[in-house]
Amino acid sequence: MTCEEFQRVLPELGSGHGIGQEEHLKSCRGCSNLVADLNTISREARVLQGSEEPSPWVWKSIEVALRQEGLIQPQLSHSRTPTLVLDWRLRWLVPLAATLLIVFGALIYQRGTGQPQTAQQQPPPAGVVTANLQATEAMGGEDLQLLETVGERMPSMRDTYEADLRSVNAYIRDAEQSAHSDPNDEVAQQYLQNAYEQKAMVYEMALDRSLP
Amino acid sequence: MQRATSYVVMLIVVSAAFAAAQTTHQELHFKVGRRASVSIVNQYGAISVKPGPGKVVAVTAILYSGKVEVDQSKSRRRVAVFSHLLEGADAQTGRVDYEVLVPADASVTLHSTTGPLHVEKLHGDMMVEGSTASVDVRDVSAGHIHIKTLNGPVTVTNVSDGLVEITSVGGDVALNAVNGSLVHVNSSSGKIHYDGDFGDGGDYSLTTHSGDIEAIAPAYASIEVVARSVQGTVEKDFPLQPEHTSFVPRAGSAFAGTMGEAASSVKLLSFSGKIHLKKR
């Protein structure tokens with residue numbers, strides 16, 4: 001199978017690949033990278049909420065971009081409605097371009113509303129204690145904002161709060177895994193409740209306005 | 001050699017006198033009604049609260065420099081005293097030590113970053129909060145004791161008929177002769193040590209994430225106990241009557257059972273710490 005043949009059938013493949021396509025992917029780096037990129041975009045697009053419909057300018061931008069690339073040509077007909085005519089070899093660019101612009105638009109929208117995305121992490125196996133991984137514990141946006149606030153109000157306490165947040169986040173992660181592995185386990189639920197209480201306390205003390 | 005020693009002694013005396021000259025004392029007195037509410041907020045320095053005579057709140061403040069002042073507010077039943085840091089104040093120059101006498105039934109709220117914080121012989125409610133401050137509460141009864149620290153160690157001694165809730169991220173918690181209808185300790189990495197009777201038919205819950213738990217009880221304790229550690233080990237010095245639980249007790253990582261009449265409920269839970277139920 002050649003690259004042209006593979007890319008021609010790519011839009012119809014979905015998540016499954018035939019034997020021929022599999023072998024082509026193994027031998028062709030370019031097509032393999034293309035499939036990986038499309039899967040990444042598809043995965044990221046799923047986290048977008050359905051209510052966040054892109055504004056009309058997004059669709060207009062897609063049309064402008066496709067016209068500039070020469071992928072859209074005005075149809076020579078007497079119809080008042082223009083139709084899209086695409087070369088079959090470049091048909092896969094349409095969903096790719098659309099998805100890229102949707103993701104980009106949604107990111108711009110979310111940043112504008114002050115809702116930072118937190119990095120998704122691969123959870124460690126259930127029951128594994130992560131208390132010793134404090135050095136690499138990733139902080140969410142809210143935690144970083146809290147540390148910034150503490151740093152402004154009480155610079156000498158910033159390190160203490162950071163260490164405690166890491167400790168509490170490790171507690172929450174272990175407790176969540178324990179609770180997920182057995183939702184009926186009352187003790188696991190108790191761990192989770194305690195972990196969240198700890199986090200709430202840290203936030204409350206950091207933001208306590210009674211202390212100057 | 002003798003002359004050098006004399007010079008050193010003189011230097012120390014002069015320095016002490018100089019330091020003392022920098023501190024100022026301030027006394028405040030407030031008349032209050034029954035069940036008064038007293039609040040002390042002090043970022044740097046000690047707060048000590050004890051019972052005093054009559055319906056009076058007496059505050060003695062020792063200010064360590066001119067970069068801090070003591071402000072106050074008072075309503076009929078509420079007294080608030082707080083340290084106001086001026087520009088350029090730090091942990092040394094902003095330090096104030098408070099000695100407070102309150103009616104024994106007063107409710108007390110203490111906030112401090114560095115502490116230490118000390119409360120004794122009261123029977124009202126108390127809320128004690130310190131970031132790295134050590135907290136020491138002793139000889140109190142019949143009140144709701146609520147203690148929060150980030151890393152400050154907590155010691156609670158001789159509490160009867162109390163409702164005790166302690167939350168600390170990394171501070172060690174020691175409970176000696178603490179009994180009440182509810183005794184809850186929630187720690188993340190701090191150790192918990194309990195030495196008491198688990199009496200009053202109460203609900204005792206000692207939980208940590210990675211800290212160890214050591215509970216010492218007498219042979220006559222009347223408890224229904226559950227102990228579990230996901231990654232750590234559990235040990236007991238008592239033979240327990242088996243009881244039905246929602247989880248399967250596994251030797252070395254969990255046990256459950258009763259002693260005596262099982263009047264009190266005791267939960268010893270740690271995610272990765274060691275748990276030991278010891279016999280006194």
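The largest nonpolar core holds 87 residues. Those with the most contacts inside this core are Val202(A), Val38(B), Val100(B), Val108(B) and Leu268(B). Helix α8 of chain A, residues 186-206, gives the most to this core, with eight residues. The model is predicted.

Val100(B) shows what such packing looks like in detail. Leaving aside residues up to four places away in sequence, Val100(B) touches Val38(B), Ile40(B), Ile47(B), Ser48(B), Val49(B), Val57(B) and Val59(B).

Next, chain A. It has eight helices and zero strands. From the N terminus on, its elements run α-α-α-α-α-α-α-α. The chain has 212 residues, and buried residues make up 16% of them. Among contacts in chain A with a separation of 6 or more, 60% join residues 24 or more positions apart.

One helix pair in chain A can be described closely. The axes of α6(A), residues 141-153, and α7(A), residues 158-181, come within 9 Å. They cross at roughly 160°. Angles over 145 degrees count as roughly antiparallel, and α6(A) and α7(A) are therefore roughly antiparallel to each other. Their crossing is right-handed. On the α6(A) side, the residues that meet the partner helix are Asp143(A), Leu147(A), Val150(A) and Gly151(A). On the α7(A) side they are Arg158(A), Tyr161(A), Glu162(A) and Leu165(A). By class, this contact divides into four nonpolar residues, one polar and three charged.

The two chains also meet each other. In this interface, 28 residues of chain B are in contact with 25 residues of chain A. The chain B side divides into 17 polar residues, eight nonpolar and three charged.

Finally, the backbone of chain B. Which residues have a positive phi although they are not glycine? Arg35(B) is one, and Ala142(B) is another. Their values and places are set out here.

| Residue | Phi | Loop in chain B |
|---|---|---|
| Arg35(B) | about 50° | between β1 (24-31) and β2 (37-42) |
| Ala142(B) | about 60° | between β11 (135-141) and β12 (144-149) |

How exposed are they? Arg35(B) counts as exposed because it has 12 C-beta neighbours inside 10 Å. Ala142(B) has 15 C-beta neighbours inside 10 Å, so it counts as partly exposed.

A cis peptide bond joins Gly115(B) and Pro116(B), with omega about 0°. Pro116(B) is found in the loop between β8 (107-112) and β9 (117-120) of chain B.

Conventions
Residues numbered from 1 in each chain as written. Chains lettered and ligands numbered in written order. Predicted model: local features only at pLDDT ≥ 70, side-chain atom pairs only at ≥ 80, totals over all residues. Contact = placed C-beta atoms within 7 Å. Nonpolar A, V, L, I, M, F, W, Y, C, P; charged D, E, K, R; others polar. Axes fitted to C-alpha atoms, helices over the stretch in contact; angles between N-to-C directions. Helix = DSSP H or I, 4+ residues; strand = E, 2+ residues; numbered from the N terminus. Parallel < 35°, antiparallel > 145°, perpendicular 65-115°, else oblique. Left-handed = near helix turned anticlockwise from the far one by under 90°. Core = buried A, V, L, I, M, F, W, Y, C linked by C-beta atoms within 7 Å. Buried ≥ 20, exposed ≤ 12 C-beta atoms within 10 Å, placed from the backbone.
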